[in-house]
Amino acid sequence: MANMLQSLESPLLEDTVNGSVDHQGYPSKRSSSGGWRSAIFIIGVEVAERFAYCGIGSNLINYLTGPLGQSTAMAAANVNTWAGTATLLPLLGAFVADSYLGRYRTIVLASLLYILGLSLLTLSAMLPSLIAFQSQNVDYFTSYSPPQLQIVLFFFSLYLVAVGQGGHKPCTQAFGADQFDGQNLEECKAKSSFFNWWLFGVSTGTSVTYVIVSYIEENFNWGLGFGIPCIVMVAALLVFLLGTRTYRFTIKRNGKSPFVRIGKVFVEAARNWRTTPSLKAIQERTQENLPHHGSHKFKFLNKALLVPACLKGDGKACSITDVEEAKAVLSLFPIWATSLVYGIVTAQSSTFFTKQGITMDRSIGSGFRIPAASLLSFIPITIILFIPIYDCIFVRIARALTGKPSGITMLQRSGIGFLLCVVSMVTAAIVEMKRLKTAKEYGLVDMPNVTVPMRVWWLIPQYILLGIADVFAMVGLQEFFYDQIPNELRSVGLSLYLSIYGVGSFLSGFLISIIEETTGGDGKTSWFNNNLNRAHIDNFYWLLAGLSAVELAAFLYFAKSYVYNVRTS
């Protein structure tokens, strides 16, 4: 009888996923929840979100220099500031999700804010037509000041979209990866592939928006171009809600916020900075109880364990697990800091790359002109084509050579991406030098509105190189910041990854402002002159190539000494 009961219970236990519950709060069952059945819904939502975000961001610089009448330098700085804010706000969104609302509720709330922001953005683009200021010709607006109400409403709604994106972006990917159980061999393998196919799906959405939405914005109507992403986001929210019954929800370790636990470690370590009694014993105890290979690092945090005996039983003492989690978080920052130039480089694809394309010959046939912003589609198209090659061919070859399940480590993968960024910037500088030379040869230096007789296809190599760089660097960093951070802070880990682009955009804007002030003062011709035929964006690209090379050297130094947090899974 006992054997019969044991045989009946065994399948039930094997079907239960440890550490997660279903939408009703019952233990999740492997046979009916999670895995690809849930991840498909979440990837679909992210594809739609990227469609909406890139539908705005890809052509934003042309909207600012066109209907809103801003200069090239000011528009580029505004784009960088907005993009930087949008990719830093995930830190706030991750905090709210991991400490209070949970990832699911945060995604729903963020989606509603997103939709509201897109609706107001569409209204702002339609305002001029309502008061008889708008014209289908973009050049028309360069002679007229847009209504103040339009400017205020535009920037308010633009940053409301950034707030929505801040809650949406870190939680969807973390929630998607949560659908795979790291303690199950098959699901563990699927989780590794999830990050590759996540980028594949996102790139599909962005490539579509770069081609379709940018064409609508430039040739039909900006209000329609902003309205389509709004409709797509409404559909995305409905798709996400449809998958609710299949999702797995992570159980928190205890009632205390992970931010509070880890923050307390730093507070207690600082409080006990001058305390030395029994520190050696604590260090030995730490390494004995936790098989974390990085325990010997950041030993000063072990002082958080030095609590008087009278306080050890009232919950004021930091646990060894808390200290080790704090060390794991702290060890991520050298990698984060040495990835920032990569964020600066990627910011150029939606600003100066696009402005270059506007000046070049974009005609196909007799009457069709490619929208300059649609050239951005070559980045996601490259990713779409290269991801299957990487996942199915490169990984297998590398696995045979290295013996590692993933072929190469996450940091090795990121380093290859950073190297390709250097090559991309060198290529961009050389192409820009040729464009300037062509403009000079044809006497077009002082004729910025005349198309330079140089085919826009010359720009494609720099887009393709950035796309391949993203396959290595973007996915490598995503997986690294998700995998190497404590389980309950994985939204924060992905928001740290996203903040690389945010800080990179701010640094790009800062560089542009400094260079504009330095090279454009006293009547001199700025590197970012509104007349691109007199500007020297090529010098800026050479500067970024040099900074990228320095970043790569620093990254390799810290990556070489990094000790991976090996999980029990």
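Trainee: How many helices and how many strands does the protein have?
Mentor: The model shown here is predicted. Counted along the protein, the elements come to seven strands and 20 helices.

Trainee: What share of the residues is buried?
Mentor: A residue counts as buried when its relative accessible area is under 20%. The protein has 569 residues, and the buried ones make up 55%.

Trainee: Are helix 2 and helix 7 roughly parallel or roughly antiparallel to each other?
Mentor: Two packed helices are described by the angle between their axes and the distance between the axes. The axes of helix 2 (residues 36-57) and helix 7 (residues 148-177) come within 10 Å and cross at roughly 155 degrees. Angles over 145 degrees count as roughly antiparallel. Helix 2 and helix 7 are therefore roughly antiparallel.

Trainee: How do the residues in the contact of helix 2 with helix 7 divide?
Mentor: From helix 2, the residues include Ile-42, Val-45 and Glu-46, and from helix 7 they include Leu-158, Val-161 and Gln-165. The residues of this contact divide into seven nonpolar, four polar and four charged.

Trainee: Are helix 15 and helix 17 roughly parallel or roughly antiparallel to each other?
Mentor: The axes of helix 15 (residues 352-359) and helix 17 (residues 410-441) come within 12 Å and cross at roughly 30 degrees. Angles under 35 degrees count as roughly parallel. Helix 15 and helix 17 are therefore roughly parallel.

Trainee: Does Pro-453 count as buried, partly exposed or exposed, and why?
Mentor: Pro-453 has its place in strand 7 (residues 452-455). Buried means under 20% relative accessible area and exposed means over 50%. Because its relative accessibility is 41%, Pro-453 counts as partly exposed.

Trainee: What is the C-alpha to C-alpha distance between Pro-453 and Arg-435?
Mentor: In sequence, Pro-453 and Arg-435 are 18 residues apart. In space, their C-alpha to C-alpha distance is 8.8 Å.

Note on methods. Residues numbered from 1 in each chain as written. Predicted model: local features only at pLDDT ≥ 70, side-chain atom pairs only at ≥ 80, totals over all residues. Heavy atoms only, no water. Axes fitted to C-alpha atoms, helices over the stretch in contact; angles between N-to-C directions. Helix = DSSP H or I, 4+ residues; strand = E, 2+ residues; numbered from the N terminus. Parallel < 35°, antiparallel > 145°, perpendicular 65-115°, else oblique. Buried < 20%, exposed > 50% of the residue type's maximum accessible area, 1.4 Å probe, protein only. Contact = heavy atoms within 4.5 Å. Nonpolar A, V, L, I, M, F, W, Y, C, P; charged D, E, K, R; others polar.
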